[in-house]
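Dear colleague,

Please find below the structure that I am handing over to you. My notes on it follow directly after.

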Amino acid sequence: MSRTTILDHPLINHKISLLRSEQTGTRDFRLIVEEIGMLMAYEVFRDLPTENVSIKTPVGEANVPMLCGRKPAVVPILRAGLGMVNGLLAVMPSAKVGHIGLARDEVTHKPREYYVNLPQHIDERTVILPDPMLATGGSAVHAVDFIKKQGCKKIKFMCIIAAPEGLRTLENAHPDIDIYVGTLDEGLNENAYIVPGLGDAGDRIFGTK
Ligand code: PRP
Ligand code: URA
């Protein structure tokens, strides 16, 4: 059974179209990436565990669902994944935050790990890995490999735009994780950039080019 959800939602698609435009500058780009993170969070957090607790309302008693268990960990893939974190935290403020730093080599397109810092008890948490772009899938596969080595069992990868090649690679390498995709694009160009895509997400979020 496929564990991939393509959100394909009008609000998200509209915002992705704004991101794609080369007219969109750093300030708006950053804001929209965060907004998409928040909209996607609704789906990503859909299966958080709850337990019923007794409370009193102004008109009576009720047994109502409240979130329970260890807080999830949001672990963005640096740099670009950072842009989605505040959107996720807007709806789940008590989530823990870790970081995995990966840089894709410009020639080989393979990821190089340069930084890792994870919250305590990571193996007992749902881990959410945000990264705006799933291109060849190399970075996502590496990040999930690493998180699995820490003993994590419930892992969710989320991206704004995926190339079909990268999505297939991630699904084949890790059929046991949940994948959330804003929209699926046509494919990759000769430099392994997503077409039509939005360019280099990290550079556009941070204004580095
Ligand atoms: C980008 C993007 C992903 C990766 C996707 O990051 O944010 O992490 O490329 O490509 P892949 O699916 O082919 O691995 P990049 O390595 O450019 O680093 P940055 O976020 O620091 O810009
Ligand atoms: N990384 C990006 O930021 N954009 C792409 O299109 C591919 C990899």
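**Ligands, helix packing and backbone geometry**

In this model, an oxygen atom of ligand 2 is placed 2.8 Å from a polar backbone atom of Ala-201. Please bear in mind that the model is predicted.

One of its oxygen atoms is 2.8 Å from a polar backbone atom of Ile-194, and a nitrogen atom of ligand 2 lies 2.8 Å from a backbone N or O atom of Gly-199. The residues surrounding ligand 2 are Arg-104, Met-133, Ala-135, Ala-192, Tyr-193, Ile-194, Gly-199, Asp-200 and Ala-201.

Ligand 1 is surrounded by 16 residues, of which Arg-79, Arg-104, Asp-131, Thr-136 and Ser-139 are the closest. An N or O atom in the side chain of Asp-131 is 2.4 Å from an oxygen atom of ligand 1. Backbone contacts are found as well: a polar backbone atom of Ala-135 is 2.8 Å from an oxygen atom of ligand 1, and a polar backbone atom of Ala-80 is 3.0 Å from an oxygen atom of this ligand. Arg-104 is listed around ligand 1 and also around ligand 2.

Most peptide bonds are trans. Leu-78 and Arg-79, however, are joined by a cis bond with omega of about -5°; Arg-79 belongs to the loop between strand E5 (77–78) and H3, and is among the residues closest to ligand 1. The bond from Val-195 to Pro-196 is also cis, with omega near 0°, and Pro-196 sits in the loop between strand E14 (194–195) and helix H6 (201–206).

I turn now to the packing of the helices. Helix H1 (residues 10–20) packs on helix H2 (residues 26–44) at an angle of about 160°, with the axes 10 Å apart. As this angle is over 145 degrees, H1 and H2 are roughly antiparallel to each other. Their crossing is left-handed. H1 contributes Leu-11, Ile-12, Lys-15, Ile-16, Leu-18 and Leu-19 to the contact, and H2 contributes Phe-29, Ile-32, Val-33, Glu-35, Ile-36, Leu-39 and Met-40. By class, these are 11 nonpolar and 2 charged residues, with no polar ones.

H2 also meets helix H3 (residues 82–91), where the axes come within 7 Å and cross at roughly 45°. H2 and H3 are therefore oblique to each other, and H2 passes H3 in a right-handed crossing. Among the residues in this contact are Val-33, Gly-37 and Ala-41 of H2 and Gly-83, Gly-87 and Val-91 of H3. The contact of H2 with H3 divides into 8 nonpolar, 4 polar and 1 charged residues.

Finally, the axes of helix H4 (residues 138–149) and helix H5 (residues 164–173) come within 9 Å and cross at roughly 20°, which makes H4 roughly parallel to H5. The contact is formed by Ala-140, Val-141 and Val-144 of H4 with Thr-169, Leu-170 and Ala-173 of H5; 5 of the residues are nonpolar, 1 is polar and none is charged. H4 passes H5 in a right-handed crossing.

With kind regards

Key: Residues are numbered from 1 along each chain as its sequence is written. Chains are lettered from A and ligands numbered from 1 in the order in which they are written. This is a predicted model: local features need pLDDT of at least 70, side-chain atom pairs count only at pLDDT 80 or more; totals for chains, interfaces and linings use all residues. Side-chain values use heavy atoms; hydrogens and water are left out. Axes are lines fitted to C-alpha atoms, for helices over the stretch in contact, and angles run from 0 to 180 degrees between N-to-C directions. Helices (H or I, at least four residues) and strands (E, at least two) are DSSP runs, numbered from the N terminus. Angles under 35 degrees count as roughly parallel, over 145 as roughly antiparallel, 65 to 115 as roughly perpendicular and the rest as oblique. A crossing is left-handed if the near helix is turned anticlockwise from the far one by less than a right angle, and right-handed if clockwise. Contact means heavy atoms within 4.5 Å. Ala, Val, Leu, Ile, Met, Phe, Trp, Tyr, Cys and Pro count as nonpolar, Asp, Glu, Lys and Arg as charged, and the others, Gly among them, as polar. A residue is near a molecule or strand if one of its heavy atoms lies within 4 Å of it. A polar contact is a pair of N or O atoms within 3.5 Å; within protein, one must be able to donate a hydrogen and the other to accept it, and residues adjacent in sequence count only if both atoms are side-chain atoms.
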